[in-house]
Amino acid sequence: MRIATTIIRVMLGLLFLYTSTSYFFNFAPEPASVGEFKAFKIGIMAATYLMPLAKTVELLCALSFLSGKYITLANIVVLPLTLNILLINYFLTPENLPLAIFVFVGNIFLIFSHWKNYKGLFVAD
């Protein structure tokens with residue numbers, strides 16, 4: 001279990017590191033958007049703060065995953081992003097759905113593998 005946790009954590013870290021640095025430094029050309037996804041993307045870009053914020057969160061979580069520090073916090077912080085990635089790909093770009101499923105399920109797997117760290121959140125005082 002520990003080896004699987006490390007492999008998933010590093011894979012997610014590398015993926016988030018690539019996507020966030022690619023956004024900030026334009027490593028790879030952005031694929032052309034079509035249809036409903038194009039309209040969605042235009043709306044996201046109209047809110048000028050949203051993509052830089054999401055990519056900064058991805059970068060910080062990638063650094064956390066790769067360094068092995070603050071994993072518990074990074075899992076919770078990146079959870080809304082991974083859920084968004086899953087839903088956007090499910091509804092708008094189903095051809096990218098396998099990668100989105102990996103990212104979301106990997107995040108859930110990491111949360112459950114560190115479940116003892118989250119137990120205190122679910123205790124009613």
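The following legends describe close-up views of a predicted model.

Local features require pLDDT of at least 70 and side-chain atom pairs pLDDT 80 or more, while totals for chains, interfaces and linings use all residues. Residues are numbered from 1 along each chain as its sequence is written, and side-chain values use heavy atoms, without hydrogens and water.

**View 1. Packing of helices α3 and α4.** Helix α3 spans residues 50–67 and helix α4 residues 71–91; helices are DSSP runs (H or I, at least four residues) numbered from the N terminus. Their axes lie 9 Å apart at an angle of about 140°, where axes are lines fitted to C-alpha atoms over the stretch in contact and angles run from 0 to 180 degrees between N-to-C directions. This angle makes α3 oblique to α4 (under 35 degrees is roughly parallel, over 145 roughly antiparallel, 65 to 115 roughly perpendicular, and the rest oblique).

**View 2. Residues in the contact of α3 with α4.** From α3, A54, V57, E58, C61, S64 and F65 meet I71, A74, N75, V77, V78, L81 and I85 of α4 (contact means heavy atoms within 4.5 Å).

**View 3. The salt bridge between E58 and K55.** The structure holds one salt bridge, defined as a side-chain nitrogen of Lys or Arg within 4 Å of a carboxyl oxygen of Asp or Glu. In the pair E58 and K55, the closest N and O atoms are 3.4 Å apart. The two residues are three residues apart in helix α3, and therefore about one helical turn separates them. E58 is buried at 6% relative accessible area, and K55 is buried at 13% (buried means under 20% relative accessible area, exposed over 50%, partly exposed in between, with a 1.4 Å probe and protein chains only).
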